[in-house]
Amino acid sequence: MEPGRTDKWVPPRFPYDRFAARRLREWLDEDAGLDAIGLDLRGADLSRGDFSESMFIDAKLIGTRLVGAELYRSYALAADFSRADLTGSSLVRVELDDAVMREAVLDGADLAKASLCDVDAMGASCRGAQFMGSALLAVDFRSADLSGAVLGSSSFRVTVDAKTKIEAMTGTVTGPVTLVDRAGRRQLAGTELEVWFRERGGDVRVVASAG
């Protein structure tokens, strides 16, 4: 897929910030990914837009709608997606390291080969999300909903708690997982981690890390 967006696509709603809105309007006439580094895109509805190979580094996307959006190979390092709606979006090979995704909605999203390192995803909804070959390292999934998520050969070194939902989760992962409960923090790996998944309705195989 080439960079840019679908022909004649126009955002259903532009961001509140005038500078960001002007930059978005200018980009509609360009044939490249959007340079949104540091932009304040709050209030925008960017659903169905094609933002392949765009730059969202340090951008504010708090509450932004990106339903069904295409973000293939975009860079969103340290971007704030708190409460953003990314339902059904494509984040294949997206760099999301240091991003904030608190209470974001990623139901049905495709995050194959995505990089999520040091990500705050507390309370996020990832029902049915695809994490095929993704790197999830130091991701905080406390109170998150991962029901039906697919983890295909993914690095899964995350933090969870009793409120983290994993019913019908499937796949193969490497651990360990950090569990936070009344007793404090402890790591689960190997057979113990597989049992933890199974007892909560998940069908996940845990394999040893290659390194």
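Biologist: Why does Leu 61 count as buried?

Modeller: This is a predicted model, and in it Leu 61 has 0% relative accessibility. Buried means under 20%, so Leu 61 qualifies. Leu 61 lies in the loop between H1 and strand E1 (115-117).

Biologist: What is Leu 61 in contact with, leaving aside its neighbours within four places in sequence?

Modeller: With that exclusion, the contacts of Leu 61 are Leu 41, Phe 56, Leu 66, Ala 79, Asp 80, Phe 81, Ser 82 and Ala 84. As for Lys 163, 102 residues apart from Leu 61 along the chain, the two C-alpha atoms are separated by 26 Å.

Biologist: Why is Ser 125 called buried?

Modeller: Its relative accessible area is 16%. The cut-off is under 20%, so Ser 125 counts as buried. Ser 125 lies in the loop between E1 and E2.

Biologist: What makes the pair of Ser 125 and Asp 107 a polar contact?

Modeller: Their side chains come to 2.6 Å, and the limit for such a pair of N or O atoms is within 3.5 Å. Asp 107 is also among the residues in contact with Ser 125, along with Ala 104, Val 105, Leu 106 and Asp 145; that list leaves aside neighbours within four places in sequence.

Biologist: How do you know that the buried residues of H1 are on the same side?

Modeller: The buried residues of H1 are Ala 20, Ala 21, Arg 23, Leu 24 and Trp 27. They cover an arc of only 160° around the axis, which places them on the same side of H1. An α-helix has 3.6 residues a turn, so residues three or four places apart point the same way.

Biologist: What is found at the start of H1?

Modeller: There, a side-chain oxygen of Asp 17 reaches to within 3.2 Å of the backbone nitrogen of Phe 19.

Biologist: What puts the buried residues of H2 on the same side?

Modeller: In H2 the buried residues are Leu 193, Trp 196 and Phe 197. Their arc around the axis is only 100°, and therefore they sit on the same side of H2. These residues pack against E3, strand E4 (170-174), E5, strand E6 (184-188) and E7. On the face turned away from the buried side are the exposed residues Thr 191, Arg 198 and Glu 199. Just after H2, Gly 201 takes a positive phi of about 90°.

Biologist: What makes Trp 196 and Phe 197 an edge-to-face aromatic pair?

Modeller: The ring centres are 5.6 Å apart, with 70° between the planes.

Biologist: Why is the pair of Phe 51 and Phe 56 called edge-to-face?

Modeller: The angle between their planes is 65°, which is over 60, so the label applies. Their centre to centre distance is 5.9 Å.

Biologist: What makes Arg 25 lie over the face of Phe 14?

Modeller: Arg 25 is at 4.0 Å from the ring centre, against a limit of within 6 Å. A charge over a ring must also be within 35 degrees of the ring normal.

Biologist: Which residues touch the most other members of the largest nonpolar core?

Modeller: Met 101, Phe 141 and Phe 156 do, in a core of 62 residues. Elements giving two or more residues to this core include helix H1 (18-27), strand E3 (150-161) and helix H2 (190-199). Beyond its neighbours within four places in sequence, Phe 156 has contacts that include Phe 141, Met 169 and Phe 197.

Conventions: Residues numbered from 1 in each chain as written. Predicted model: local features only at pLDDT ≥ 70, side-chain atom pairs only at ≥ 80, totals over all residues. Heavy atoms only, no water. Core = buried A, V, L, I, M, F, W, Y, C linked by side-chain atoms within 4.5 Å. Buried < 20%, exposed > 50% of the residue type's maximum accessible area, 1.4 Å probe, protein only. Helix = DSSP H or I, 4+ residues; strand = E, 2+ residues; numbered from the N terminus. Contact = heavy atoms within 4.5 Å. Arc of directions from axis to C-beta. Polar contact = N/O pair within 3.5 Å; in protein donor to acceptor, adjacent residues only side chain to side chain. Phe/Tyr/Trp six-rings, centres within 6.5 Å; stacked < 30°, edge-to-face > 60°.
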